[in-house]
Amino acid sequence: LRHMYANVGNPTHSQVVKWGEKTPFFGGAKTYVPVDSSTAYMKNLSTPLGVSGRVMFAGEHTCMRMYGTTHGAFVSGIREAHRLLSDVRSTFPFFDPKLRDLCEDPLQ
């Protein structure tokens, strides 16, 4: 962070989480969408927050087409990187632009 922001202080504390060691019944997690639910929850989670819209969330839980998958996590990361870079670049050189839209609701 110091490379991006000059006034970042030292950490006050840190925490290392070892889920497998401390929680023996935790075997991983993924999004579960009940039959009677709506994709609106995922849409809300993937909507940028803050005055400038610079608080963004990626992860399989924000990808309506591929929730619960590694692919969904990857593609949502591309989506958020594109949002961040769209202000400073006119093109996104690393991935095919179609990838950023793979998380959108297929019914819309």
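Predicted model: local features only at pLDDT ≥ 70, side-chain atom pairs only at ≥ 80, totals over all residues.

A: Arg83 counts as partly exposed, because its relative accessibility is 24%. Residues are numbered from 1 along each chain as its sequence is written, and side-chain values use heavy atoms, with hydrogens and water left out.

Now look at the partner of Arg83. Glu80 forms a salt bridge with Arg83, and their closest N and O atoms are 3.0 Å apart. A salt bridge here is a side-chain nitrogen of Lys or Arg within 4 Å of a carboxyl oxygen of Asp or Glu. Why can such pairs form at all? Side chains of opposite charge can pair when their charged atoms come close.

The spacing along the helix matters too. Glu80 and Arg83 are three residues apart in helix H3, so about one helical turn separates them. Helices (H or I, at least four residues) and strands (E, at least two) are DSSP runs, numbered from the N terminus. Glu80 has a relative accessible area of 5%, so Glu80 is buried. Salt bridges with shared partners join Arg79, Glu80 and Arg83 into one network.

Turn to the other bridge of Glu80. The side chains of Arg79 and Glu80 meet in a salt bridge at 2.6 Å, N to O. Both Arg79 and Glu80 are buried.

Arg79 has another neighbor to look at. Its side chain makes a polar contact with the side chain of Thr62, at 2.8 Å. A polar contact is a pair of N or O atoms within 3.5 Å; within protein, one must be able to donate a hydrogen and the other to accept it, and residues adjacent in sequence count only if both atoms are side-chain atoms. Where does Thr62 sit? Thr62 lies in the loop between H2 and H3. Thr62 is at 0% relative accessibility, so Thr62 counts as buried. Leaving aside residues up to four places away in sequence, Thr62 touches Met42, Leu45, Ser46, Phe57, Ser76, Arg79 and Cys103. A contact means heavy atoms within 4.5 Å.

The structure holds one disulfide. Cys63 and Cys103 form the pair, with their sulfur atoms 2.2 Å apart; the cut-off for a disulfide is a pair of cysteine sulfur atoms within 2.5 Å. This pair links distant parts of the chain: Cys63 is in the loop between H2 and H3, Cys103 is in the segment after H3, and they are 40 residues apart. The torsion about the S-S bond of Cys63 and Cys103 is about -95 degrees, so the disulfide is left-handed. Cys63 is buried, as is Cys103.

Now return to Glu80 and look across space. Thr47 and Glu80 are 33 residues apart in sequence, but their C-alpha atoms are 9.9 Å apart. Thr47 is found in the loop between H2 and H3. Thr47 is partly exposed, because its relative accessibility is 36%. A polar atom of the Thr47 side chain lies 2.7 Å from the backbone oxygen of Lys43.

At 37% relative accessibility, Lys43 counts as partly exposed. Glu104 is at 28% and counts as partly exposed as well. How many salt bridges does this rule give? The count comes to three.

The protein chain has three helices and zero strands. From the N terminus on, its elements run α-α-α. Of its 108 residues, 19% count as buried. Glu80 is buried, and so is Thr62. Among contacts between residues at least 6 apart in sequence, 43% join residues at least 24 apart.

Note on methods. Buried < 20%, exposed > 50% of the residue type's maximum accessible area, 1.4 Å probe, protein only.
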